[in-house]
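Take a moment to orient yourself, and then follow along.

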Amino acid sequence: MKSRFILFRRGSVFYSQDTTTGQRTSLRTKDEGEALTLPHSKNEAHRQPTLNLHIARTHLSTADPETAKRTWQVLKAL
């Protein structure tokens, strides 16, 4: 499967390009290690959106264990 987001560098700043739309976005980093992880994360999000949702819920429940017990009424009060 072809990657949707590719990495390139212009000068010393790294960019990602969406191969579907052609849109280019600055990654706002000069660090190659960090720049490599950002398009990889975007590609994984594109390939497996359900898995990313579960990962996000896990991170959220770890940060705030009461999240699973809240209702919309509680959230409006916050």
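Two strands count as paired if DSSP finds at least two bridges between them. With that in mind, F5 has D18 in β2 as its bridge partner. Please remember throughout that this is a predicted model.

**Overall layout**

The chain holds three helices and three strands. Starting at the N terminus, the elements follow the order β-β-β-α-α-α. There are 78 residues in the chain, and 13% of them count as buried. The accessible surface is about 6,300 Å², with carbon and sulfur atoms accounting for 55% of that area. As for contacts between residues at least 6 apart in sequence, 18% link residues that are at least 24 apart.

**The sheet and the helix across it**

The three strands make an open sheet in the order β1-β2-β3, and their pairing is antiparallel. β1 and β3 are the edge strands, each pairing on one side only. On average, neighbouring strands of this sheet are turned by 30 degrees against each other, direction ignored. Between β1 and β2, the antiparallel pairing extends over six bridges.

Here are the elements named in this part of the report, with their residue ranges:

| Element | Residues |
|---|---|
| Strand β1 | 5–10 |
| Strand β2 | 13–18 |
| Strand β3 | 24–26 |
| Helix α1 | 32–47 |

Helix α1 lies across β1 and β2, and runs at about 155 degrees to β1.

**A closer look at Q17**

Now go to Q17, which is found in strand β2. Is Q17 buried or exposed? Its relative accessible area is 18%, so Q17 is buried, because the cut-off for that label is under 20%. Which residues does Q17 touch, leaving out those up to four places away in sequence? They are R4, F5, I6, F8, G22, Q23 and R24. F5, one of these contacts, is the residue that has D18 as its bridge partner.

**Rings around Y15**

A pair of aromatic rings is described by the distance of the centres and the angle of the planes. The count here comes to one aromatic pair. That pair is F8 and Y15, which are stacked, with 5.5 Å from centre to centre and 15 degrees between the planes. F8 is also among the residues that Q17 touches.

How values were computed: Residues are numbered from 1 along each chain as its sequence is written. This is a predicted model: local features need pLDDT of at least 70, side-chain atom pairs count only at pLDDT 80 or more; totals for chains, interfaces and linings use all residues. Side-chain values use heavy atoms; hydrogens and water are left out. Helices (H or I, at least four residues) and strands (E, at least two) are DSSP runs, numbered from the N terminus. Buried means under 20% relative accessible area, exposed over 50%, partly exposed in between (1.4 Å probe, protein chains only). Contact means heavy atoms within 4.5 Å. Accessible areas come from the Shrake-Rupley method with a 1.4 Å probe; for residues, only the protein chains shown count as cover. Axes are lines fitted to C-alpha atoms, for helices over the stretch in contact, and angles run from 0 to 180 degrees between N-to-C directions. Rings of Phe, Tyr and Trp (its six-membered ring) pair if their centres lie within 6.5 Å; planes under 30 degrees apart count as stacked, over 60 as edge-to-face and the rest as tilted.
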